[in-house]
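Please look over the sequence and the structure shown below before reading on.

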Amino acid sequence: MDAMQRIAQLRAEIERHNHAYYVLDAPGIPDAEYDKLFRELQALETQHPGLLTPDSPTQRVGGKVLDGFAPVRHAVPMLSIRTETDTEASGAFNFDTRVRNALGGGDEVEYACELKFDGLAINLRYERGVLVQAATRGDGETGEDVTQNIRTIHCIPLHLKGCDAEVLEVRGEVYMSRKDFNRYNDRQRALGLPTLVNPRNGAAGSIRQLDPALAARRPLSFFAYGLGEVRGWALPATHGGILDALQQFGLPVCAERAVVQGTAALADFHRRVAAKRDALPFDIDGVVYKVNSLALQRELSFVSREPRWAVAHKYPAEEQLTVLRDIEIQVGRTGKLTPVAKLEPVFVGGTTVSNATLHNEDEIRRKDVHIGDTVIVRRAGDVIPEVVGVIRERRPANARAFAMPANCPVCGSHVVREEGEADARCTGGLFCAAQRKQAILHFAGRRAMDVEGLGDKLVEQLVDERIIHSLPDLYRLDVATLAALERMAEKSAQNIVDALEKSKRTTLNRFLFALGIRHVGETTAKDLARHFGKLDVIMQADNERLLAVSDVGPVVAQSIVDFFSEAHNREVVQQLCELGVHWEEHDGVSTEPLPLSGKTFVLTGTLPSLSRDEAKSRLEALGAKVAGSVSKKTDYVVAGAEAGSKLDKAHELNVPVWDETALLDLLHGNEKHN
């Protein structure tokens with residue numbers, strides 16, 4: 001037998017044992033025998049490096065330490081699903097009623113029921129059956145490339161069995177079992193090393209380790225529950241059929257699932273899982289119902305970027321009692337002062353909680369919270385823990401009432417509370433260090449100036465070490481200054497400087513959004529940029545002129561006027577422009593309706609020359625609405641290569657379908673006259 005044949009034989013045998021051990025929990029050979037096979041494979045691959053392939057079992061552990069995670073644009077967005085928190089009967093009834101009404105009534109609907117895992121959502125991309133990429137969910141549109149770390153999870157096959165689809169994206173959850181979590185923490189404590197807070201954070205933190213070797217030391221598992229992009233594979237007729245197929249391909253699929261019909265069966269599944277929730281080997285925070293028929297899923301489509309055909313039915317929030325030791329003030333990006341309860345640590349909702357939000361001064365008064373009280377703390381899923389009540393009969397004699405400070409605890413500036421507002425705010429603006437950090441992070445964010453690599457820890461260093469005092473200081477950074485920082489190599493420093501230089505070329509709406517003007521979000525920033533065309537005009541506009549902008553009301557207008565009336569804000573803008581931040585400007589728009597006002601477009605597939613964002617931006621600039629799903633209200637669908645269900649829906653509803661040429665003709669014709 002030659003080396004190639006023996007390597008192939010060893011790989012197949014090792015992966016078979018991996019599947020038996022990590023997926024089936026039924027090891028077939030002793031560890032020593034497994035190690036012998038593994039070492040033989042390593043030796044052969046070392047002797048014949050040309051035969052080493054990415055899907056070899058030896059490639060699961062190790063790899064170089066990463067500088068950061070590369071962004072991955074999801075071919076099919078990883079959308080969130082609606083949540084029901086009512087009791088098992090009413091939550092199931094609400095979902096079933098919505099589905100049946102949308103389908104026009106009739107017979108009971110068949111549903112696939114699954115568990116809602118408490119881990120980290122991951123997209124696995126297989127090409128011709130080989131794992132080529134793994135990405136986090138991110139914001140749903142763009143995630144992070146975590147392929148090296150995902151390879152360290154032994155239950156995830158590097159090569160699918162019996163699947164040669166051109167592309168098969170598998171979606172699922174990376175999690176840490178309770179047994180592995182406890183075992184890992186016991187080992188860490190024995191070594192005097194830090195422990196993990198809870199299984200969910202353990203899973204998420206492991207996948208986002210920049211060193212794959214460190215990630216490999218964390219015991220992680222995976223369950224598949226759906227699909228992303230698919231090419232070259234005939235889909236089964238049902239969601240349950242998809243899960244069965246994925247299991248046949250060698251992917252782990254949770255056995256706690258069922259196909260049922262009607263409201264009563266949904267509620268019964270919810271109750272049965274709740275009864276054994278604590279006995280499950282992993283954490284969950286609810287169950288998921290999905291319409292089983294893929295044809296009905298396509299018919300139901302989406303609403304507000306959520307599928308109509310699926311819902312997460314969560315369990316009631318978990319609550320615990322603990323003592324409130326103190327109330328501290330947290331200052332946010334906009335200067336908002338938020339009182340935070342400092343608690344005697346308590347395990348609630350699957351994690352140890354020592355801080356909880358108190359929202360604002362009015363809430364503290366309404367709940368009659370005193371420092372020293374025994375309080376009820378609630379944590380539901382990923383929601384920030386909050387103090388929901390007080391056990392007044394346990395109030396000690398030395399309990400103290402809370403009063404909002406008159407001065408900012410960070411910068412000492414005066415604190416104000418506007419009429420009709422629940423929140424108190426620091427007036428320090430960009431001079432307040434707390435606001436400065438958040439203002440810089442917001443300014444550098446992906447949807448603002450998009451400065452790649454400028455994250456929380458780096459901004460904290462730059463502000464704490466007094467290297468940056470205001471936004472313009474970002475563009476004064478050089479490689480030497482950055483490279484001198486702790487944990488910052490020269491290459492990373494150069495990447496930051498390059499990213500800052502690249503960000504100087506932007507758009508007016510991104511720049512406006514980046515400034516962090518209160519009440520001015522992305523949509524308002526686009527409306528202002530489209531209406532006025534030039535920054536100077538916006539800065540000089542009074543309330544009356546601002547109110548002429550679509551969707552700008554009195555509160556937003558006053559906020560814009562207040563922002564640009566501050567001398568230090570105008571100075572920041574001037575310095576940023578002097579340092580090279582620039583964009584294209586125009587003369588603004590007339591009061592006449594835009595050419596495409598009232599028209600709704602849907603974009604699907606890949607266009608030959610226009611990116612999805614560029615096409616959307618140009619359509620919106622002409623007044624059109626760009627929706628995420630096709631409905632009877634859709635005027636046009638623009639379809640590119642590999643258009644999917646949206647194109648099918650357009651044909652079904654007789655919505656006109658255009659290609660990129662027709663879209664460009666429309667854009668060019670209207671942009672000339674607008």
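## Aromatic pairs

To what number does the count of aromatic pairs come? In this predicted model, the count comes to 16 aromatic pairs. One of them joins Phe117 and Phe282, whose ring centres lie 5.8 Å apart and whose planes stand at 65 degrees, so that the pair is edge-to-face, the angle being over the 60 degrees required for that class. The two partners come from distant parts of the chain, since Phe117 sits in strand S3 (residues 110-117) while Phe282 sits in the loop between helix H9 (262-275) and strand S10 (284-291), and 165 residues separate them. Phe117 has a relative accessible area of 7% and is therefore buried, the cut-off being under 20%; Phe282, at 7% relative accessibility, also counts as buried.

Phe282 takes part in another edge-to-face pair, with Tyr175, in which the centres are 5.4 Å apart and the planes make an angle of 65 degrees. This pair, too, links distant parts of the chain, with Tyr175 in strand S7 (residues 167-175) and Phe282 in the loop between H9 and S10, 107 residues apart. Tyr175 and Phe282 are both buried. Ring pairs extend this arrangement into a cluster that consists of Phe117, Tyr175, Phe223 and Phe282.

## Salt bridges

A search of the whole structure finds 43 salt bridges. In one of them the side chains of Glu114 and Lys290 meet, with an N to O distance of 3.5 Å. Because Glu114 lies in strand S3 and Lys290 in strand S10, this pair ties together parts that are 176 residues apart in sequence. Are the two partners buried or exposed? Glu114 is buried, with a relative accessible area of 6%, and Lys290 counts as buried at 10% relative accessibility.

Asp244 and Arg257 also meet through their side chains in a salt bridge, at 2.8 Å from N to O. Asp244 belongs to helix H8 (residues 239-248) and Arg257 to the loop between H8 and strand S9 (258-261), so the parts tied together here are 13 residues apart in sequence. Asp244 counts as partly exposed at 38% relative accessibility, and Arg257 is partly exposed as well, with a relative accessible area of 24%.

A further salt bridge, between the side chains of Asp362 and Arg417, has an N to O distance of 2.4 Å. It links distant parts of the chain, as Asp362 is in helix H11 (residues 361-367) and Arg417 is in the loop between strand S19 (415-416) and strand S20 (424-426), 55 residues apart. Asp362, at 36% relative accessibility, counts as partly exposed, and Arg417 is partly exposed with a relative accessible area of 38%. Elsewhere, salt bridges that share partners join Arg125, Glu127, Glu166, Glu169, Arg171, Glu229, Arg231 and Glu642 into one network.

## Helices H12 and H13

Two packed helices are described by the angle between their axes and the distance between the axes. For helix H12 (residues 433-444) and helix H13 (residues 456-464), the axes come within 10 Å and cross at roughly 140 degrees.

On the H12 side of the contact are Ala433, Arg436, Lys437, Ile440 and Leu441, which meet Asp456, Val459, Glu460, Val463 and Asp464 in H13. The buried residues in H13 are Leu458, Val459, Gln461, Leu462 and Val463, and what covers the buried residues of H13 includes H12, helix H14 (479-483) and helix H15 (490-503). H13 is followed by Arg466, which has a positive phi, near 60 degrees.

## Leu653 in helix H23

Leu653 is placed in helix H23 (residues 645-653), and at 26% relative accessibility this residue counts as partly exposed. When residues up to four places away in sequence are not counted, Leu653 touches Val630, Ser631 and Lys632. Between Leu653 and Asp145 there are 508 residues in sequence terms, and their C-alpha atoms are 38 Å apart in space.

Technical notes. Residues numbered from 1 in each chain as written. Predicted model: local features only at pLDDT ≥ 70, side-chain atom pairs only at ≥ 80, totals over all residues. Heavy atoms only, no water. Helix = DSSP H or I, 4+ residues; strand = E, 2+ residues; numbered from the N terminus. Buried < 20%, exposed > 50% of the residue type's maximum accessible area, 1.4 Å probe, protein only. Contact = heavy atoms within 4.5 Å. Phe/Tyr/Trp six-rings, centres within 6.5 Å; stacked < 30°, edge-to-face > 60°. Salt bridge = Lys/Arg side-chain N within 4 Å of Asp/Glu carboxyl O. Axes fitted to C-alpha atoms, helices over the stretch in contact; angles between N-to-C directions.
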